[in-house]
Amino acid sequence: MMITVCCSLSFSDEAIKIEKSLKKLDFDPYIPFTIYDCKSKGIKDIKQWISDFIKKDPGGFDQLKKDRMEMHYKKVAASDAILVLNYDKKGIKNYIGANTLLEMGLAFWLKKRIYLLNPIPEELDYAEEIKGMKPVVINDDLSLIKL
Amino acid sequence: MKITLCLSIKFWQEMLQVQKELESLGYEVLTPPHEVPNDKGEMIPVEEYYRIRKDDSRGNESWIWDLKEKAIRAHFEKVAQSDVILVLNYYKKGIRNYIGANTLLEMGLAFWLKKRIYLLNPIPEELDYAEEIKGMMPIVINNDLENLL
């Protein structure tokens, strides 16, 4: 079963750990390309790298963003399910960013199962849209992911 | 050409005007519904449904969330049926050219389906997700419907 991991880049270390755990459980996981791309380029602070990139070449960054969004969308489309890594961020419990929300939207359209590692982030403005997409909350237990 | 309008329901009155203008320019226009069925199957205004939904943040009333699911999918279908989408982004919640999460999702689908995405007004730079909006390469028409290609 192919499963695409969707998360904020702030959760890169966690995504790599989850990727390993999913492999152990015989899943075929895919994590965002940018995570390994930054690792291979030795970029430690992704947020800073993005902010520097935007300052230097805003148009170039928009194009890169477009390419990376399309790349991950294709993975969502090719997979059987997505797993959203929603940890605490910016003082918000179980945070889900806009990019991940968009990937959930595509998974919803394509009728893929949507798993959330942690409960729905009730504090977010778009908690209602998240609920409408009927994700399955697995409370950090990967064994609950089923075909 | 078929155009699907994507907007926050707060902009309903503005939408009616845009719809009228687009139709007079010869476009076929798809819009969100203004009434939805409640748990008894009675049609209620969308604004009333939103009020009920806000009161049910704990998610005890399953029909509310089933309806939300159906509503997202129904407008997604309209996005898929159309040639392009036009996002009506006006001032809301103290934010210029506001785009809400539901509209963002519709833009995301249009982006995936490679439909052209038009914004009536400029990109809402104040929003956290301005970066994602820019990545979808929308075309800003600055409130001039003649700018639709």
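Predicted model: local features only at pLDDT ≥ 70, side-chain atom pairs only at ≥ 80, totals over all residues.
In which helix of chain B is B:Gln81 found? B:Gln81 sits in helix H3 of chain B, where helices are DSSP runs of H or I with at least four residues, strands are runs of E with at least two, and both are numbered from the N terminus. This residue is partly exposed because its relative accessible area is 47%, given that buried means under 20%, exposed means over 50%, and partly exposed lies in between, with a 1.4 Å probe and protein chains only. The C-alpha atoms of B:Gln81 and B:Lys2 are separated by 7.9 Å, although the two residues are 79 residues apart along the chain.

Residues are numbered from 1 along each chain as its sequence is written, chains are lettered from A and ligands numbered from 1 in the order in which they are written, and side-chain values use heavy atoms, with hydrogens and water left out.

Let me turn to chain A as a whole. Chain A holds 6 helices and 5 strands, and from the N terminus on its elements follow the order β-α-β-α-α-α-β-α-β-α-β. Its radius of gyration is 15 Å, which agrees with the value near 15 Å for a compact globule of 147 residues; that radius is taken over C-alpha atoms, and the globule rule is 2.2 Å times the number of residues to the power 0.38. Along the principal axes, the C-alpha atoms of chain A fill a box of roughly 45 × 35 × 30 Å, and 55% of the 147 residues count as buried.

Now to the charged side chains. Side chains of opposite charge can pair when their charged atoms come close.

Because A:Arg68 lies in helix H4 (residues 58-78) and A:Asp37 in helix H2 (residues 33-40) of chain A, the pair ties together parts that are 31 residues apart in sequence. Both A:Arg68 and A:Asp37 are buried.

What about a pair that crosses between chains? The side chains of B:Glu69 and A:Lys134 meet in a salt bridge at 2.9 Å, N to O, and this pair runs from helix H3 (residues 62-81) of chain B to the loop between helix H6 (127-132) and strand S5 (136-137) of chain A. B:Glu69 is partly exposed, with a relative accessible area of 25%, and A:Lys134 is partly exposed as well, at 34%. Returning to chain A, salt bridges that share partners join A:Asp37, A:Lys41 and A:Arg68 into one network.

Finally, there is a patch of positive charge on the surface, where A:Lys17, A:Lys20, A:Lys24, A:Lys39 and A:Lys44 gather. Patches are made of residues with over 30% relative accessible area and no salt bridge, with like charges joined within 9 Å. Helix H1 (residues 12-24) of chain A gives the most to this patch, with 3 residues. A:Lys17 has its place in helix H1, and A:Lys17 counts as exposed because its relative accessibility is 60%.

Methods: Patch = residues over 30% accessible without salt bridge, like charges linked within 9 Å, V, L, I, M, F, W, Y side chains within 5 Å. Areas by Shrake-Rupley, 256 points an atom, 1.4 Å probe, with all protein chains shown as cover. Salt bridge = Lys/Arg side-chain N within 4 Å of Asp/Glu carboxyl O. Lys, Arg positive; Asp, Glu negative; His and termini not counted. Charge placed at Lys NZ, Arg CZ, Asp CG, Glu CD.
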